[in-house]
Number of protein chains: 2
Amino acid sequence: MISQKKLQKYQDWLFRVSAYNMALSIIMTDKMTVAPVGGGEYRDARTAYLSGELFSIITDPEIVELLKEMKDDEDLDGDTRRAAYLYYKDAMSTLCIPKDEYVKAQELFSKSYDAWLEAKTKNDYSIFEPYLKQVIEIRRQQYSYRNSDMDLYDQMLDDYEPGMNREKYDAFFEALKTRLVPLIEKVCNAEPVEDSFLYLDYDIEEQKRFSSELLEYLHFDADWGYQNETEHPFTNWVCENDCRTTTKYLKNNVASAILSTVHEVGHATYEHDCDDRYDGMILSEGISSGMHESQSRLFENYLGRTKAFWEYLYPRLAAHFPEQLGNVSVDQFVNAINVAKRSLIRTEADELTYPMHILIRYEIEKGLFDGSISTEGLDETWDAMYEKYLGIKADKASEGILQDVHWSDGSFGYFPTYALGSAFSAQFVKKMREEMDVDEALRSGHFEKCVAWLKEHIHRYGCRYDAPEIMRIATGSDFDVNNYLDYLEEKYTNLYHLK
Amino acid sequence: MISQKKLQKYQDWLFRVSAYNMALSIIMTDKMTVAPVGGGEYRDARTAYLSGELFSIITDPEIVELLKEMKDDEDLDGDTRRAAYLYYKDAMSTLCIPKDEYVKAQELFSKSYDAWLEAKTKNDYSIFEPYLKQVIEIRRQQYSYRNSDMDLYDQMLDDYEPGMNREKYDAFFEALKTRLVPLIEKVCNAEPVEDSFLYLDYDIEEQKRFSSELLEYLHFDADWGYQNETEHPFTNWVCENDCRTTTKYLKNNVASAILSTVHEVGHATYEHDCDDRYDGMILSEGISSGMHESQSRLFENYLGRTKAFWEYLYPRLAAHFPEQLGNVSVDQFVNAINVAKRSLIRTEADELTYPMHILIRYEIEKGLFDGSISTEGLDETWDAMYEKYLGIKADKASEGILQDVHWSDGSFGYFPTYALGSAFSAQFVKKMREEMDVDEALRSGHFEKCVAWLKEHIHRYGCRYDAPEIMRIATGSDFDVNNYLDYLEEKYTNLYHLK
């Protein structure tokens, strides 16, 4: 039985952890949105120092001992034991790293992010390459301290998606390739769907005005959320009732900012809807990257690209752009935003070819860590992969190797969760459609009814259960990739009149 | 002689202090600009906790002892001794407060700010009154721990402007009243200057586009600064090469955002131009509130309201608003932005009546702390004061008692420095005009030449010297209020053809 005094110590510790997490989250959001670049070096050094403070708090031996005790103490309630287990797991993978190395790494990640941004702006991979190399080196070093029997990249995969490894992802991607490669081939050879009107000149201020209506429809309220603009859209959960998302407006692509907004609001809503009793602790976060992406991509694709969604919103969008969309029907618009084609940019890729973009990154990451691929010439390796899997090649590095932010701070192992999450979504939505009239909710402007279903069956659990358990709770079955493949096959067969 | 080990300890301590200061500054800027209100309570509690961490660092007895030793150690260079002296002074006024009370006060100030904002939005003083009362109470309590022989409000005045007290301010305001009250009377009875064109409909997006050009002219670069929007414009110095300002756009007042921008950039530039060797320590801050306001008001009034300034910028502004300004000459425009009249809002007041707005706040603060004025009915006290000194009364609390943010976080004693700073500016500008052709620099688009003079004679010193010393260094004389009164008399006599 753990003493009241110790439990109070745990509560105080929780509060301290949440304070530093909040501060670091605000500092990061600020850096990635508005902070003047000139102050970057000064800020990064101090941010790294504060990360070190958090490191010390998280790895405090007395607390680690207490967490170890708590996670197995049958006298405690299940929520508390689960939280203790997750904190303990985090502490164990952190405390093995020497603090000064941890702090130096945080500073490197900040600098590497800046270098990536500069490289992307200047279309010059060579600016980013030395940082990428160092980031990989430092990740290698950090994982080596764990003394795990697992392969290095398997550990990374497991960190983002507990239980996953190369073997399982290989099988997953194999299943995708088997059914999607021929389907993509057929779609690309079919009569193209008209979508040129999406790429006319769309005034950005006008896009922003529509965006306000969109955010209202999605119930992303100013009371708990704020949206900014960045080169690479992201969502950052600052604390309870405070979620920041960003989007990026493109003058010659009206759908881009809209769909990225819907995507990010999916992430935001997931964490916003965790059970209130988990406030201020680890249980109020999303359980895994795959589950997170399943919610963002569910919003974006399984809701945001449906006809019902646009039956409500399209007249509003068209009213902002009468010149460009006045003669375009809602059906034409919905077909256009679902067009599948070989393309370069992952975040703007259609649902069908999207997993191929992920496969490429997965193959590269595997290679970077088994030594078969090097950072030198990685821009060319990238281009060759795109040629191989998508039959298309980038003209400039900003549309090739430099398009994604993830590697700049060493988030290796994250990418595969995008594809996995998309596949999770299919199974969730199948169940959701059995239990409620999704289309009627969307069409009548009641997006919140869909959110309510997701909250009830997924969001509220936060980290209380692992992803496979939540899949069973929400859908009654284990995860089955065929739900995803069936969905894609049916959707694209219909859209392109393949039969 | 202080050991190397101790000096290293001091350096480490400096870094820690700067890290927490940076974090708190970013969190505060975030709160005051974009943070969702729903997360306020959660954030405020944790921000207060982090302030407490900084409190502990600043008041660490071992460090305080070291600072005490350092400030008088002749073996150390003057910069280091000065910094140690200022840190020591800060520590002594902080460490007497019990930490838990300090943390609670920080949290109260955050909540009080929120209450003020809500009260202002809803035009309802009663929402803010209970907070204001508590804030005054807590400030009283905090100062009582100092066990000073000085009067309470004198201590507050001294905190913002070292060396100042009621006696000196009373004399200062008396001098102002003696010469300005009759001048204001004459101006208000003179033939009015036409300024109605300033208050037409000015599209806010268009104002923002001009604002970019203005910021460029002022050399407020994205490399070291970022401007956002808030209800009450402010400047927040996050760290070296990182300064945040805000402004507020009004649809029916084209000059408001412009002049508030110039004002805030004055604050920003002052700290940006401190000597680089003071980076990361207290010496790189502005020395006093009066000196800070002298720089912001120098930018706003002594440069930003001159004809030369607008000879460069007015054609650009008029190009954005051909309909509203097409028939208005630069002379008419400059006269209009210098119109003096009895008005309600301090931040939009003209130079001539501005000190009266300050006098009112000074009288109220004195009364709040000598017990002759209470927070109950303070909205009416406020209105009566405006009636007495400016012959005008607010229709709503948002334009009366609730217009200013300062009292919400207990910044009592700050207001008088606005008037003092304005008076400082007059003396600085008089000298500056003797030494360089200010008008030629402004008119030819070389604002940076004025900034260079200010940097050389004022900005670079940061906190190295007290305000009266800087006045002597920069102008060769002690501060004399008559420079200010002469300036105002000459300016308004000419503008209103009073003789």
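1. Polar contacts. Across the interface of chain A and chain B, 15 residue pairs are in polar contact, with both residues at pLDDT 80 or more. The model is a predicted one.

2. Where chain A touches chain B. Elements of chain A that give two or more residues to this side are α1 (4-33), α2 (40-58), β1 (225-229) and β3 (242-247). The largest share, 10 residues, comes from α1(A). By class, this side of chain A has 20 nonpolar, 7 polar and 10 charged residues.

3. Extent of the contact. Chain A brings 37 residues and chain B brings 37 residues. About 3,200 Å² is buried between the two chains, and carbon and sulfur atoms give 68% of that area.

4. Salt bridges. There are 4 between chain A and chain B. A:Arg43 and B:Asp242 meet through their side chains in a salt bridge, at 2.6 Å from N to O.

5. Largest cavity. The structure holds 7 cavities of 30 Å³ or more. The largest has about 190 Å³ of space. Its lining counts 19 residues, and A:Asp30, A:Thr33, A:Val34, B:Asp30 and B:Val34 lie nearest the centre. Two or more lining residues come from each of α1, β1 and β3 of chain A, and from each of α1 (4-33), β1 (225-229) and β3 (242-247) of chain B. The largest share, 4 residues, is from α1(B). The lining divides into 5 nonpolar, 10 polar and 4 charged residues.

6. Second largest cavity. About 60 Å³ of space lies here. Lining residues include A:Phe210, A:Leu214, A:Tyr249 and A:Phe321. Helices α9 (204-217) and α10 (254-272) of chain A each give two or more residues to the lining. This lining has 8 nonpolar, 3 polar and no charged residues.

Key. Residues are numbered from 1 along each chain as its sequence is written. Chains are lettered from A and ligands numbered from 1 in the order in which they are written. This is a predicted model: local features need pLDDT of at least 70, side-chain atom pairs count only at pLDDT 80 or more; totals for chains, interfaces and linings use all residues. Side-chain values use heavy atoms; hydrogens and water are left out. Contact means heavy atoms within 4.5 Å. Buried area is the accessible area (1.4 Å probe) that two parts lose on being put together, summed over both. A polar contact is a pair of N or O atoms within 3.5 Å; within protein, one must be able to donate a hydrogen and the other to accept it, and residues adjacent in sequence count only if both atoms are side-chain atoms. Ala, Val, Leu, Ile, Met, Phe, Trp, Tyr, Cys and Pro count as nonpolar, Asp, Glu, Lys and Arg as charged, and the others, Gly among them, as polar. On a 1 Å grid over the protein atoms alone, a cavity is a set of points where a 1.4 Å probe fits but cannot get out, and a pocket is an open set with protein on both sides within 12 Å along at least five of seven lines; lining residues have an atom within 4 Å of a point. Grid points are joined across faces, edges and corners, and a volume is the space filled by probe spheres set on the points.
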